[in-house]
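Subject: Structure for you to look at

Hello,

Here is the structure I said I would pass on. Please open it first, then read the notes below it.

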Amino acid sequence: MEATREMLLACILGALPLLGFILWWWNEIWYAVPVKLRLWGTDMKLPPGHMGLPLLGELVTFLWYFKVRRRPDDFINSKRRKYGDGVGLYRTHLFGSPSIIACFPNVIKHVFQSHDAFILEWPNKDILGYNSLAVVQGKAHTRLRRFVVDAINKPASLRRIAALVQPRMVAALESWASIGKIRVRNETKKFTFQTIGILFASFEPGPLLDTMDELFHGLVQGLRAQPFKFPGTAYYHACQCRKKLEEIFREQLEIKKKNMEQDRNTEIDLMDGLMQMKDEEGNRLSDQEVLDNIVNLIVAGYETTAVASMWAMYYLAKYPDVLKRLREENIAINQMKKEGFITIEDVSKLNYTNKVVEETIRMANVAAIIFRLATREVEYKGYTIPKNWKVLLWIRYLHTNPENFDDPICFNPDRWNEAARPGTYQVFGGGHRICAGNMLARIELALFLHHLSIGYRWELINPDARMIYLSHPAPIDGVEVSISKI
Ligand code: HEM
């Protein structure tokens, strides 16, 4: 009996290394080996790397660097050390799919520009809306993009937007100073959503907008969740949030239609803009296209702008010399203005402020990774990117790599005295899906810096707060500051 037990134990102990071996190589055998066999005898090869554990892939390693070590860029650095640089491509298995990581400027640019071979494929399209800009492909995307860009990114729209947002900015800053101590992350979110509410569909701050804010939060949580549609799951909740939001926007759309019929529209918001525009053939967007794109634009422009504004306050508190120069420039332009708020023409003259904007966006790394799907097998400089694999464009690494930016963790607006080296600065993505709101984001940030710098002083309460990197990079205290009027 004793001998049998010992034999059993010996077998189990003997099997453990074998089990470990199988687990370690499972994904390699399942995903990489078939591709390697196919490429056998050709000049092509699969990018170097390791596919990680079954189901999880390299998720544990990713979390190790992003959550535990809190050195996110070492995730890529460790690959470079282990497998060499090559062309900046590494194979992996992450976020549920076999994937190729791209982390060097040239290859990232190549992927952005080969938009037939690499498409943007959102997992839960129903949450974002089947007619939204981020979801549609090909000609439908080109047509829709014209509408959206005209509505938010052209000088005429930006001029109107600048006039609309500034009173809200001033009111928000005044309320922060009256409180005295705020968590910037929460406040910039609240304030950005209020701005979005008024800009996008003329919703004034109030209980309805607060409800919409909560609904958006629920919606965003479900964007990349597993599509299990039963109560309790993030996806189910996101579907419910989407339904309620659509009802609210549809009601607003009907009111707007009636106003248009009776010629009673006084203020034009983004929804009006999308409703009224016509393409070359004289066709307007359908109601559903308008609704889906309003939702898409809020998702795309909400957290991104709020997080960038938070980082601006953080870095300016850390770099008083930068704040001093920013303040001088903005006070000077303010003194030149006889009355009213500054315009986008004034903003274009704020040279130093625009450099602060660029440096903030570079360092904020709001969109760390951009996802693409290879629609066919693609060759790139001797490497093969297999069909149906994801391509993870690690744009964060472009902006934090000392080979691309000198002393990259230093907040130095003067680095923008010269343009960045080609391909090294892709905060807004690239190719035909480059951020449709990039000018809007820049203008909003510049206006925020203007009002903040001329009227307020603030200090970090926890200047040494540690950083977190998921879901967005931020100091752990959400940037607590004491703030007062100058
Ligand atoms: C600092 C702020 C922002 C950053 C860093 C940012 C970044 C990005 C990036 C990297 C993409 C490309 C995604 C991809 O290729 O898959 C993108 C797309 C997009 N962004 Fe932004 N964004 C910002 C603000 C905004 C704002 C304010 C809006 C509009 C209100 C906006 C609207 C969009 C839209 C509609 C797309 C999809 C474009 C398309 O698929 O054709 N973004 N953004």
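Residues 7–26 are 100% helix and 0% strand, with 28 Å between the end C-alpha atoms. Helices (H or I, at least four residues) and strands (E, at least two) are DSSP runs, numbered from the N terminus. Residues 46–66 are 38% helix and 0% strand, and their end C-alpha atoms are 26 Å apart. Both spans, 7–26 and 46–66, carry the annotation "transmembrane region" in an unreviewed UniProt entry. UniProt positions are given in the numbering used here, feature names are shortened, and annotations may be inferred rather than shown by experiment.

This is a predicted model, in which local features need pLDDT of at least 70 and side-chain atom pairs count only at pLDDT 80 or more, while totals for chains, interfaces and linings use all residues. Residues are numbered from 1 along each chain as its sequence is written, and side-chain values use heavy atoms, with hydrogens and water left out. The average pLDDT of the protein (the predictor's confidence in each residue, from 0 to 100) is 93, and 99% of the residues score at least 70. The model has an ipTM of 0.99 and a pTM of 0.93.

Buried means under 20% relative accessible area, exposed over 50%, and partly exposed in between (1.4 Å probe, protein chains only). Contact means heavy atoms within 4.5 Å. Not counting residues up to four places away in sequence, Trp 394 touches several residues, among them Phe 62, Phe 75, Ile 76, Leu 94 and Ile 369.

Phe 75 and Ile 76 are also among the buried residues of helix H3 (residues 74–83), which include Asp 74 and Arg 80. What covers the buried residues of H3 includes helix H2 (59–68), strands S1 (89–94) and S2 (97–102), and helix H16 (395–400). Just after H3, Gly 84 has a positive phi of about 85°.

Which protein atom is the donor to the iron atom of the ligand? The single one is SG of Cys 435, 2.3 Å away. Donors are N, O and S atoms within 2.8 Å of the metal (3.2 Å for Na, K and Ca); water is not among the atoms, so sites may look incomplete. Cys 435 lies in the loop between H16 and helix H17 (438–455).

Gln 426 is placed in the loop between H16 and H17. Is Gln 426 buried or exposed? Gln 426 counts as buried because its relative accessibility is 6%. The residues that Gln 426 touches, not counting those up to four places away in sequence, include Pro 105, Phe 112, Ile 395 and His 399.

Lys 190 lies in helix H8 (residues 184–201) and is partly exposed, with a relative accessible area of 42%. Lys 190 and Asp 210 are 20 residues apart in sequence and 8.7 Å apart in space, C-alpha to C-alpha.

Last, the cysteines. The structure holds zero disulfides (pairs of cysteine sulfur atoms within 2.5 Å). For Cys 239, the nearest cysteine sulfur is that of Cys 241, 9.2 Å away. Cys 239 is buried, at 12% relative accessible area, whereas Cys 410 is partly exposed, at 24%.

Regards
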